[in-house]
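Please read the following note with the structure open beside it. The points are numbered so that each can be checked in turn.

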Amino acid sequence: MDIGIVGLGLIGGSLALDLRTMGHQIWGVSRQERTCQLALEGGVVDYASIDLKLLAKVDLVFICTPIAAIAPVVQQLIPHLSPETILTDVGSVKQAVVEQVAPLWSNFVGGHPMSGTADSGIEAAQSNLFAGNPYVLTPVETTPATAVKIVEEIVRSLTNKVYLCCPQEHDQAVAWISHLPVMVSANLIDACMGETDPGVLKLAQLLSSSGFRDTSRVGGGNPELGVMMARYNQEALLRSLTSYRHNLDQLIELLKHQDWQTLDAKLQQTQSQRPEFLC
Ligand code: NAP
């Protein structure tokens with residue numbers, strides 16, 4: 001198959017590497033000439049250009065730009081495409097993207113590979129990034145069944161964990177397992193740094209070990225990504241954060257009332273729920 005990739009960064013470059021290894025012809029478009037050159041030199045793509053015209057004859061295009069650029073790229077791409085071309089994206093939130101892109105191009109299937117690293121750009125692209133990890137597709141009522149089938153087949157060749165759901169369900173699910181943890185973890189660091197006694201703060205730093213390292217990890221990541229989650233998944237994240245605040249309030253009440261029995265029951269419950277949830 002002739003496959004186009006727009007945005008040759010971590011995700012776009014990694015998709016290109018795997019799909020090319022499987023024998024597909026990869027046509028890459030990126031914003032910078034330098035990125036296109038690196039992609040060609042590194043054998044990531046067969047052809048590369050900064051001009052979207054390059055994708056005039058491909059069967060399927062993965063849009064792998066930052067979220068804010070997805071719909072504008074689709075708009076610029078449309079004049080060069082034939083009506084049969086299928087578009088998909090890899091954006092980490094789905095409702096905002098699908099609402100913007102589906103009306104522009106009916107042959108569009110929203111997607112989100114749940115894979116990544118802390119790095120970005122073409123240099124960060126790697127083979128087998130998606131193997132064994134979930135890949136979510138979010139078709140809507142108007143999405144043609146053949147487009148879903150073709151994207152699903154390609155994605156299934158990258159990983160055996162392919163899930164289909166609606167954009168709203170996707171966004172609420174990732175709010176719980178990805179976006180809320182980032183906010184909670186960032187807030188943990190912020191609260192700890194707010195300790196007013198410098199001696200206690202210094203001692204806390206000296207005593208901190210694996211527990212604090214684990215719980216603060218996702219909150220200490222790339223701020224751009226955190227803002228992206230809040231901005232594009234505002235509704236679902238607010239719902240999760242509000243529910244979390246309610247749980248925190250309950251916890252405070254238990255401590256105030258020295259209700260150790262209820263606290264114990266809650267912690268017994270979460271101890272058994274965690275392995276079930278992560279199975
Ligand atoms: P990235 O490494 O920064 O790659 C994005 C690439 O897009 C950049 O290298 C840039 O290429 C290119 N680009 C930017 N604007 C463009 C435009 N208008 N036209 C063409 N190319 C453009 O970012 P990423 O981590 O791969 O993320 C890309 C998408 O994947 C995002 O939508 C994100 O939500 C999603 N995603 C990310 C992860 C993750 O863990 N990182 C996981 C799942 C999904 P140049 O070098 O040419 O400027």
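Predicted model: local features only at pLDDT ≥ 70, side-chain atom pairs only at ≥ 80, totals over all residues.

1. The ligand has 24 residues around it, and Ser30, Thr35, Thr65, Ser92 and Gly121 come nearest. Sorted by class, this shell contains ten nonpolar, 13 polar and one charged residues.

2. A polar backbone atom of Ile11 is 2.8 Å from a ligand oxygen. For Gln32, a backbone N or O atom lies 2.8 Å from an oxygen atom of the ligand. Thr35 contributes through its side chain instead, with a polar atom 2.7 Å from a ligand oxygen. Taken alone, the ligand would expose 880 Å², of which the protein buries 82%. Helix H1 (10-21), helix H3 (67-77) and strand E6 (108-113) are the elements that each give two or more residues to the shell.

3. The structure holds seven salt bridges. In one of them, the side chains of Arg20 and Asp46 meet with an N to O distance of 2.9 Å. The two residues are 26 residues apart: Arg20 belongs to helix H1, while Asp46 is in the loop between helix H2 (33-41) and strand E3 (47-49). Arg20 counts as partly exposed because its relative accessibility is 30%. Asp46, at 22%, is likewise classed as partly exposed.

4. Two further salt bridges. Lys53 and Asp51 meet through their side chains at 4.0 Å, N to O. Are these two residues buried or exposed? Lys53 has a relative accessible area of 53% and is therefore exposed, whereas Asp51, at 34%, counts as partly exposed. Another salt bridge joins Arg156 to Glu152, with the closest N and O atoms 2.7 Å apart. Arg156 has a relative accessibility of 41% and so counts as partly exposed.

5. A nonpolar patch on the surface. Tyr244, Leu248, Leu251, Leu255 and Trp260 form this patch, and together they have about 460 Å² of accessible area. Which element supplies the largest share of the patch? Helix H10 (residues 234-256) does, with four residues. Leu248 lies in this helix, and its relative accessibility of 37% is why Leu248 counts as partly exposed.

6. Two residues with positive phi. Most residues other than glycine have a negative phi. Asn128 is not a glycine, yet it has a positive phi of about 60 degrees. Asn128 is placed in the loop between E6 and strand E7 (135-138), and it counts as exposed because its relative accessibility is 57%. Gln258, also not a glycine, has a positive phi of about 50 degrees. Gln258 lies in the loop between H10 and helix H11 (260-277). With a relative accessibility of 54%, Gln258 therefore counts as exposed.

Notes:
Residues numbered from 1 in each chain as written. Heavy atoms only, no water. Patch = residues over 30% accessible without salt bridge, like charges linked within 9 Å, V, L, I, M, F, W, Y side chains within 5 Å. Areas by Shrake-Rupley, 256 points an atom, 1.4 Å probe, with all protein chains shown as cover. Buried < 20%, exposed > 50% of the residue type's maximum accessible area, 1.4 Å probe, protein only. Near = heavy atom within 4 Å. Polar contact = N/O pair within 3.5 Å; in protein donor to acceptor, adjacent residues only side chain to side chain. Nonpolar A, V, L, I, M, F, W, Y, C, P; charged D, E, K, R; others polar.
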